[in-house]
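Work through the exercises below with the sequence and the 3D view open. Try each task before you read its solution.

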Amino acid sequence: VEFDLIILGGGLNGLGTARDAALRGLRVLVLEKGDLGGGASGSGSGWLRGGPRAFAAGAGPGDDPLAAGEAGVLEAIAPHLVSRVPFLRPFASRDEGDALASGAPRLGAEALAALEPGLSPGLLGALAHDDRAVDGPRLCVANARSARDHGAEVRPWTEAREVVRQDGRVVGVRWLDALTGESGLARAPAVLDATGAWAPGLARRNGLALRLRPGKGVHLVLAGRLTTHALAFGAVDGRALFLAPRGGETWLGATEGGFYGDPDDVEATQDEVAYLLEGAAALLPAVREARATRAVAGPRASRFEWGPGEEALSRGHALLDHAAEGAAGLLSLVGGQLSTARAQAEAATDAVLRALGRPAVACRTREVALPGGETPADAAALAAAHGIAPLVAARLVARQGALAGEVLRLADDDPRLGLLLCREEGILAAEVVHACRHELVRRLRDLRTRCRLAVGGCGGLDCARAAAQLAGRELGWDAERVRAELADLLEVGWRERRAVLDGAQLAQEELLRGAHWGVGR
Amino acid sequence: VTARRCDVLVVGGGLAGAVAALAARAAGREVVLVRSGPGATAWSGGAIGVAPDLDALPTDHLRDRRSPLESARRLAARRPDHPYARLGVAALEEALAFAGAELSAVLEPADGRPRFLAHVSGAVAECALCQRSQAAGDLRRLRGLAAVVGFSGHLGFDARLVASGLARRAAAGGPAVAAVEAAWCTAPGEGTLDPASLARLLEAPGRAEALGEAIRLVLPAGAAVALVPPVLGLDPAARVPERVAAAAGLPVAEVVSDPPSVPGLRLDAAILRRLLEAGVEVVHGALPPGGGPGKPVSVGGLELTAPAWVLATGRFLGGGVARRGLLCEPLLGLPVLASEGGAAGVRLAARPPLALTVRERKAAQPLLAAGVQVDATSRPLGEDGVPVHYRLFAAGALVGGHEHAADGTGLGVAILSGWLAGRGAAGLSGD
C-alpha cells in the first residue's frame, strides 16, 4: 500500500498531524500500538492556559501567547470539548501571596470563604485566573475521526515494528496488528515518529538515537464535586498542584516525576497517592473523607535537557530530522503540550511537506471544525426531543457535541438502544454502538475513553457486561472474545483502583468482584 | 425505650445471620435479629456455591465432578486460612441440609451432587444448592436440547453469548444448545427496564402466561428446557416460573446473573419471610458500636440484652469490616486480619492497599479476604489468639480468609459458620 506519510503514534501529536496532513491532501496512515490517546494525551490534566502553573512567580495568563491563541482556536473548532474553569489560588500569608504571579486579580479572605466555604481556616485571600480545560481523550478521538473523514487511514492496536530504509531514505514501515496477528509493509517516502514516551525505544530498535526526558504523571479521582472552583495550591514541597471539579468527580493532580520504567506499565504508587491526598487535605480538609475512586497514571516525554527538574522542563516541542543518521524522510515530533497540539501538528505537517519536496499548502485546521464542533448542541432540546433524562443528554453532548443527535437517532430507530447502561455517566446503549461504528473502537477497553465506560466509582458494575455484549454484536466477537474483553476491561480498572482502595470504595470493589466472578475463569 | 431480654442476639440478616438465628430458634431459644438492610446475600446471584472443584478441568465430564462436600474438604486441606479449615467441614452436610429445609420456599432440595448453571456471561456457575426457578437448568442433569431464550425488545441479555458459552461444554456432558429470541418486552419502555422491574411486571396476571406463549412460538424442535434471563418474579408465591412453563409447554429455568439479580433479591426476601415464620424477632436498625454478650444495647427503640451474640455483619459491603486507613471491625473492635496466616508478629492489616493486593485482578486479594479469625466453634479470636468471649460468635463474610464474593465459597461459609454460630450461641456446641 502506498502512502505519502506514515505517522507512528496515535496521541494528539500523531492524530493532529494526520488530520492536518489529510486536510492538505496527503495520503496518511497512522499506526498506534494501543488505543488512541493511550499515552500523555489521554492522561494529562487538560489545562489550556497553564492550570496551576499560571500562578507561578513571574508567570501570567498572558505569558504564553501561543497557548492563549490556541485555546481560542480549540474553542472555535471543538466547543463541546472545552470548558471554562475559574481557578483560585489561595494563600495563607502576605509573603506567599506576594511571591505568586502579580498580574492576576485578587480576592480577600471573606470573598474566598464565600466562594469556597470548605477551605481550611487562616487563609488571607486568593488569586483568580480564568482557565480552560479540554477533554484530552475525546480530543484525540475527534482528531482521529476528522483525519479519517478526510481520507487518512487510522489503525489503532497496530504496532510499528520497523522503519524500513533503503539507500539512506525511509521507504516504509513494517507493522503488526496486535489483535489479529496480521502483519505487512506500508510504503511511504516520509515517516513521522510521534510516539512520545515510546519514541526512545522505537528509535533504539531502528538503530537511531533519540533522547527524551521521560516522566510520569498521576492524577487522583475523587467521587463527587468537592468544590465549585478549581483550586491551585502548593504541595508540601512547593510543587504546584490542583484540585478541580470535572463532570461528577473531582480531579486532584498532578505528580510529575522522572520515570525510567516501561511506558507500557505505568501505575500510581502508594507514595504518589498519599502525597496528593496530604497536599490537598491541607487546603481542603474534606479531601480526607472523600472517596478516592481511582488513580490515573500516564507517561510523559519532554525534550531532552540535562539538569532541570521535572517542573522546570520545557513544555515546548521539537522536530528532529534523522537524515544525518541515514534515515532521510524520518522526522520525530517530540515534547510539546496538549494546549498547543494543533500548532505542533501544523509545524510538523509543514516540515513533512518540505521533506517530501512538495509545494507548501495552507493549513486548514484552524477553520475546519472537529467532528461534533460544527454547530452548538442544545442538551435540553435533545432531551425533550428524544425523551431522555436531561443529565444523560448533557453528558452525551459534552462528549459528542453536535454528533449527539446522530447517537440519539440510533435509539429512535431501535428503541432497545435506549437502554441506559450507566445512570451516573449517562451512557446509552446507543452511544456504545455509535462508538463501535464510528470511533475506531477495536477493544472493549477503548470505550473507557470513548464514553467513560466503567471508569466511575462503580468500576463497571452495571455497564460492563451489557457493553461487552453490545460491542461484541457490533464487532463480531464470539463468546470467548466477549469474555476476554470484559476481563481485560476489568483488569485495567482494577489496576487504577488498587492504590486507593479504602472506605466505601472497598465495599464497591467487593460488589464488583462478586458481580464479575465468572469473567476470565 | 423498651428493655428486652432474649437468649441470642444475631447482628446481620444475610444468609449467615439467618441460618444462625434459625439454628438457635430450632434449638428452642428466643432470638432477636437486628438487620440494617440488604447485604451481600441480596447482591448474590441467588445460587449457593459451597466449594468449586479446584482440580477439575473445563473438559472433565460434568458427571465425574466431585461433590461440593468433597471439594470443600480438599479446599480446607489446601488452604489453612480458609474458614473451612478453621471450622472443619464435618458439620457442613448437616448445615446445608438445615438451610435447604428452612429455605425450601425458594431452594431446590440438594442431593449431594454439584449443580452447573449457565451464567449470563456464557460461563458456568458451579453450586451446591440452587433456587427452584434455576433447577431445570442444571447442565449435569439436562437431557435433550436447551433453548436459550432472549427477549426481542431487551438488549440486557444476549442469548447467543450464553448459548455459545454453553456449547463449549457439550464435550464435557453439557446439553446441546440453541439460541432463540422470543417476541417479548416489546411495549414502549419495557425493554429498557432493570431486571427487578421486569420481574415485578411478570408477576401481574396474564404477563407470565404471555411470556410463556411467546417462548412456545420460537422453541426449536426437540427443546427440552428453556433457559431465560433471571426475571421470573420476585415473590415465589406469584408462581411466575410455573406459569411461564405451563404456557410454554416445557420446563423453564433462569440463568445466573450478576447483581443486582432477581434471584439474589428473591433469596433475601425469602430469608426475611422465613425468619418471621420461625418466630425470630427481626429488628430493623443499625447497632451502635460497643455492647457485647450480656451488655444492653439500644436499637430500633429497644434496649436489648442477650447472653449470647452472633455477629454476621458481613465484610465491606455489609459494614462488618471497614477500612479508613486501617482495617477494623467497627462494632466491637475485634482484630481484623488480612491473610497473616497466624504467623507470629506479622500484622499485615496495617499495611497500605498496594501491599495487600496483587496486580492480577483475578488472583486472590488479601485485602478483600480480610476479616476476623475464628476458632472451630466460630468464636472470634482476640489479638492473643484466644476467643474474645465464650458466648460471642461470628459468621459469614465477617470471618476472614476467603474472598466470599469471588471464590465460590461465600454462601457455603455463610451456612456453615451460621449453623455453628447459631448452635454455639444456643449452648449446643461441644464445649
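A polar contact is a pair of N or O atoms within 3.5 Å; within protein, one atom must be able to donate a hydrogen and the other to accept it. The model used here is predicted.

**Exercise 1.** Find the polar partner of the side chain of A:R399 and decide whether A:R399 is buried or exposed.

Solution.
- Step 1: Locate A:R399 in helix 11 of chain A, which covers residues 390–400.
- Step 2: Look for a polar partner. The side chains of A:R399 and A:E431 are in polar contact at 2.8 Å, and this distance is within the cut-off of 3.5 Å.
- Step 3: List the surroundings. Beyond four places in sequence, the residues that A:R399 touches include A:H80, A:R138, A:I427 and A:R452.
- Step 4: Apply the cut-off for burial, which is under 20% relative accessible area. A:R399 has 5%, so A:R399 is buried.

**Exercise 2.** Describe the backbone at A:L440 and at A:A454, and say where each residue lies.

Solution.
- Step 1: Read phi. A:L440 has a positive phi of about 55° without being a glycine. For A:A454, also not a glycine, phi is positive and near 60°.
- Step 2: Place the residues. A:L440 sits in the loop that links helix 13 (429–438) to helix 14 (447–451) of chain A, while A:A454 belongs to the loop between helix 14 and helix 15.
- Step 3: Check burial. The relative accessible area is 13% for A:L440, which is therefore buried. A:A454, with 8%, is buried as well.

**Exercise 3.** Describe the interface of chain A and chain B by its contacts, area and charged pairs.

Solution.
- Step 1: Count the residues in contact: 47 from chain A and 52 from chain B.
- Step 2: Take the buried area. About 4600 Å² is buried between the two chains, and carbon and sulfur atoms give 52% of this. On the side of chain A, the residues that lose the most area are A:R498, A:E510 and A:R513, together 16% of what that side buries.
- Step 3: Look for salt bridges. Eight are found across the interface. One joins A:R495 to B:E360, with the closest N and O atoms 3.9 Å apart.
- Step 4: Name the elements. Helix 15 (463–475), helix 16 (479–497) and helix 17 (503–515) of chain A each give two or more residues to the side that touches chain B.
- Step 5: Sort that side of chain A by residue class: 20 nonpolar, nine polar and 18 charged.

Note on methods:
Residues are numbered from 1 along each chain as its sequence is written. Chains are lettered from A and ligands numbered from 1 in the order in which they are written. This is a predicted model: local features need pLDDT of at least 70, side-chain atom pairs count only at pLDDT 80 or more; totals for chains, interfaces and linings use all residues. Side-chain values use heavy atoms; hydrogens and water are left out. Contact means heavy atoms within 4.5 Å. Buried area is the accessible area (1.4 Å probe) that two parts lose on being put together, summed over both. A salt bridge is a side-chain nitrogen of Lys or Arg within 4 Å of a carboxyl oxygen of Asp or Glu. Helices (H or I, at least four residues) and strands (E, at least two) are DSSP runs, numbered from the N terminus. Ala, Val, Leu, Ile, Met, Phe, Trp, Tyr, Cys and Pro count as nonpolar, Asp, Glu, Lys and Arg as charged, and the others, Gly among them, as polar. Buried means under 20% relative accessible area, exposed over 50%, partly exposed in between (1.4 Å probe, protein chains only).
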